[in-house]
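Here is a short report for a first look.

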Amino acid sequence: MRIVALLASGTEIVYGLGLGEQLVGISHECDYPPAALTKPRVSRSCFDPAAMSSVEIDCAVRDAMEQHGAVYELDEQCLRDLEPDLLLSQAVCDVCAVPTSLAEKASQALGGGAQVLSLDAHDVGGILACIQQVAGAAGVEDRGARLVASLEARMAAVAMFSADLQRPRVLAVEWLAPPFVPGHWTPEMIHLAGGEPIVGEVGRPSTQVSWDELSGLDPDILVVMPCGYDLDQARADADRHAERLVSIAERAVDAGRAYVVNGSAYFNRSGPRIVDGIEILGALFHPARFPDAELEGCAAPWVAAPRRPSMRGDS
């Protein structure tokens with residue numbers, strides 16, 4: 001079977017199932033595992049986000065959707081050359097990855113011979129089901145069952161280590177300009193890691209909110225996880241919006257319980273590394289229970305720049 005993954009989590013699932021040799025094409029955003037980077041890229045963004053701020057990216061996305069109805073383009077000639085049997089896509093978010101509607105048009109342009117499999121997870125159970133979907137389509141059901149069982153065992157271990165502890169109230173922010181709070185699987189990840197999510201709804205899309213709506217929540221822990229950003233990018237974006245973040249989570253920031261994480265790798269994608277994300281959160285929420293957790297490149301404390309002293313007198 002010849003597989004093309006039009007989303008990063010699809011590529012990660014394919015490799016998790018030991019099907020890397022059958023993967024013949026990847027999307028522009030696929031960056032893991034390293035072995036996948038030799039594959040031809042069959043999609044591209046309508047704009048280059050590399051040098052853009054989060055507010056500029058938000059504007060570019062909205063403009064692309066308004067003008068073109070899509071954020072991405074497919075290289076149909078490259079797809080013809082690759083002759084795929086299976087196209088992996090998604091219909092969860094038209095902004096996050098190549099949507100199923102575009103994959104279906106591409107399949108029709110190729111003569112309709114490629115099966116389009118839409119991986120539409122909205123919660124952790126859905127992510128595990130998507131792994132089984134891909135395994136079934138590729139005829140490796142046993143591998144899918146083994147991979148899912150290993151991921152379930154890891155999640156159960158995190159839950160067991162934190163089961164008897166008080167759950168910290170956690171505010172996660174998925175985008176900063178404008179602010180978005182996470183939905184889909186992220187609130188569930190927080191709960192599985194031993195925290196209590198105070199914003200976001202499992203199985204529902206991420207939601208744009210105002211900073212005023214986030215004020216007064218007073219979380220025990222703040223986690224900044226901008227969608228599509230690695231750890232360094234998340235830290236830089238948090239620094240740009242430091243005043244706002246301090247205003248909504250001053251107690252957490254002052255207590256050293258504000259964190260930035262690699263959202264792109266461990267939180268935003270509906271693939272096997274979601275379980276890594278749950279383990280990372282468990283170590284952040286309950287460090288005494290996870291003393292050997294390796295967080296370098298995954299998560300780090302976020303410290304706001306020193307605030308300017310008040311110009312007002314004491315009287």
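## A buried alanine

A283 is buried, because its relative accessibility is 7% and buried means under 20%. A283 belongs to helix α13. The model shown is predicted.

What does A283 touch, leaving out residues up to four places away in sequence? A283 touches F290, A293 and L295. G194 is 89 residues away from A283 in sequence. In space, A283 and G194 are 9.6 Å apart, C-alpha to C-alpha.

## An aromatic pair

The structure holds two aromatic pairs. One of them joins F161 and F290. The ring centres are 5.7 Å apart, with 65° between the planes. The pair is edge-to-face, because planes over 60 degrees apart count that way.

F161 lies in helix α6, residues 141-162. F290 lies in the loop between α13 (274-285) and β14 (299-301). The pair therefore ties together parts that are 129 residues apart in sequence. Are the two partners buried or exposed? F161 counts as partly exposed, at 39% relative accessibility. F290 is buried, with a relative accessible area of 17%. F290 is also one of the residues that A283 touches.

## Two packed helices

Helices α6 and α13 pack against each other. Their axes are 10 Å apart and meet at an angle of about 10°. So α6 is roughly parallel to α13, because angles under 35 degrees count as roughly parallel.

Which residues make the contact? From α6 come L151, R154, M155 and V158. From α13 come V275, D276, I278, E279 and G282. By class, the contact has five nonpolar, one polar and three charged residues.

## An arginine over two rings

R273 sits over the ring of Y32 with its charged end. The distance to the centre of the Y32 ring is 3.7 Å. R273 also lies over the face of Y266. Here the distance to the ring centre is 5.3 Å.

## The whole chain

How many helices and strands does the chain have? The chain has 13 helices and 14 strands. Of its 315 residues, 50% count as buried. A283 and F290 are both buried.

Contacts in the chain also reach across the sequence. Take those between residues at least 6 apart in sequence: 69% of them join residues at least 24 apart.

Technical notes
Residues numbered from 1 in each chain as written. Predicted model: local features only at pLDDT ≥ 70, side-chain atom pairs only at ≥ 80, totals over all residues. Heavy atoms only, no water. Phe/Tyr/Trp six-rings, centres within 6.5 Å; stacked < 30°, edge-to-face > 60°. Helix = DSSP H or I, 4+ residues; strand = E, 2+ residues; numbered from the N terminus. Buried < 20%, exposed > 50% of the residue type's maximum accessible area, 1.4 Å probe, protein only. Lys NZ or Arg CZ within 6 Å of the ring centre and 35° of its normal. Axes fitted to C-alpha atoms, helices over the stretch in contact; angles between N-to-C directions. Parallel < 35°, antiparallel > 145°, perpendicular 65-115°, else oblique. Contact = heavy atoms within 4.5 Å. Nonpolar A, V, L, I, M, F, W, Y, C, P; charged D, E, K, R; others polar.
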